[in-house]
Amino acid sequence: ADGRWSWPQVRRAGIGWWLCGAGITGVATHSARHAPTGDLELTDRIVTKLAQSAVAALRAYDKTGLLPGEKPGAAFGMAPGALAVRDPGEEARIKRQLTDEAVFWYALMGTTLAKLRALVKTGALSSEPALHHLLEHERSGEPEFMRKNAFRLLQLHRYHLAVALFVLSDCFEEAARIVVSRLQDLQLLLVLLRRRPDFSGPLLRDRISELSAEERADPWLRLLLAWHTGDEAATSSALADATRAAAAKAASEAIATAEAASEAIAAGGGVAAGSAESIPQDAPLPLFDGALRPVPLPAACGGSLPLGLDVAEDDRFGRAGLDRVSAILLGTAGATA
């Protein structure tokens, strides 16, 4: 919103699935043949944009009292242009959340403790004095001190800041488990561990073992998980199932469209829009056809990514399966805001 980047928007473009994971140059891989190749440089630029936008959102809220995308008065049933008035407790909660997310993205960007202190001195994080005291504490450079504070933040349900402190103390396994168990976002896990697929693989395999019977029957879900864990046999099986499901869906839709067109012609109405004449002539393509097509980023982000699947404009891949992938794997089902 307002030209700023946000994780919910970027996540829907499949950043984690298409740009992160095993197979990154210089990092041990699950399989040289089937493990996905990560694009560290592009992912790093995206994380930097998210960090900058998080700080901009915090500054804008301090100035206007509005969250990204909000308009004065619109969200409160007030007259257009009227200033927002929130309960003091809600106001404090929002500022904490925005501050935590800003520190979170800067930590994922690889920012050092010294640079975070410099950021605090600019006044960007002035809405959270306790954070200033923590970063300026004489023991803030000690991993054990940071870990103890991270566990305390976990008890307070401040998950983003807890993850940030674990990352700053180089405790990636603890940080990753919070992302999986508390934030419930496997795609964010891949972004966090984009340089540590040795940690992400076991966590993804744990998720596979927890799949329900309905989830196991979903070839799209099995395909993404198998691909990122480097399981060649499971990837091949899921790919074949996904391709068959896509072909069956396309054939069913073509038959339904042709029948509707025939009924329209029989009724003397001519060929209806979207009928047989508009059926695509090319055959359905599998999800991984050797050259993944660009995924468009949200309009606010601008541009598109060189890898991925365009699910926004192409429905030939089985939309029901893709919707389920979005709900389960892209973090939109049960994810903490």
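Reader: How many aromatic pairs does the structure hold, and how do I read one?

Author: Rings of Phe, Tyr and Trp (its six-membered ring) pair if their centres lie within 6.5 Å; planes under 30 degrees apart count as stacked, over 60 as edge-to-face and the rest as tilted. Here there are 3 aromatic pairs. In one of them, W7 and W105 sit 5.6 Å centre to centre with 50° between the planes, a tilted pair. That pair links distant parts of the chain, since W7 is in helix α1 (residues 7–11) and W105 in helix α4, 98 residues apart. F104 and W105 also pair, this time edge-to-face, at 5.0 Å centre to centre and 80° between the planes. Put together, W7, F104 and W105 make one aromatic cluster.

Reader: Before we go on, what kind of model is this?

Author: It's a predicted model: local features need pLDDT of at least 70, side-chain atom pairs count only at pLDDT 80 or more, and totals for chains, interfaces and linings use all residues. Residues are numbered from 1 along each chain as its sequence is written, and side-chain values use heavy atoms, with hydrogens and water left out.

Reader: Are W7, W105 and F104 buried or exposed?

Author: Buried means under 20% relative accessible area, exposed over 50%, partly exposed in between (1.4 Å probe, protein chains only). W7 counts as buried because its relative accessible area is 11%. W105 is buried at 6%, and F104 is buried at 1%. Across the protein, buried residues make up 42% of the 337 residues.

Reader: Which side chain does D185 touch through a polar contact?

Author: A polar contact is a pair of N or O atoms within 3.5 Å; within protein, one must be able to donate a hydrogen and the other to accept it, and residues adjacent in sequence count only if both atoms are side-chain atoms. The side chain of D185 meets that of W7 at 2.9 Å. D185 sits in the loop between α9 (172–181) and α10 (186–192), and at 2% relative accessibility it is buried.

Reader: Now helices. Which residues of α5 are buried?

Author: Helices (H or I, at least four residues) and strands (E, at least two) are DSSP runs, numbered from the N terminus. The protein has 15 helices and 2 strands. In α5 (residues 113–121), the buried ones are L113, L116, L119 and V120. They line one face of the helix, because seen down its axis they fall within an arc of 110° (the arc is that of the directions from the helix axis to the C-beta atoms). An α-helix has 3.6 residues a turn, so residues three or four places apart point the same way. On the other side of α5, you'll find A114, K115 and K121 exposed.

Reader: What do the buried residues of α5 pack against?

Author: Contact means heavy atoms within 4.5 Å. The buried residues of α5 pack against α3 (40–64), α4 (88–108), α6 (129–136), α7 (143–155) and α8 (159–168).

Reader: Which residues have a positive phi although they are not glycine?

Author: Most residues other than glycine have a negative phi, and most peptide bonds are trans. Among those to look at here are H157, with a phi of about 65°, and Q184, at about 50°. H157 lies in the loop between α7 and α8 and is exposed, at 57% relative accessible area. Q184 is in the loop between α9 and α10 and is partly exposed, at 37%.
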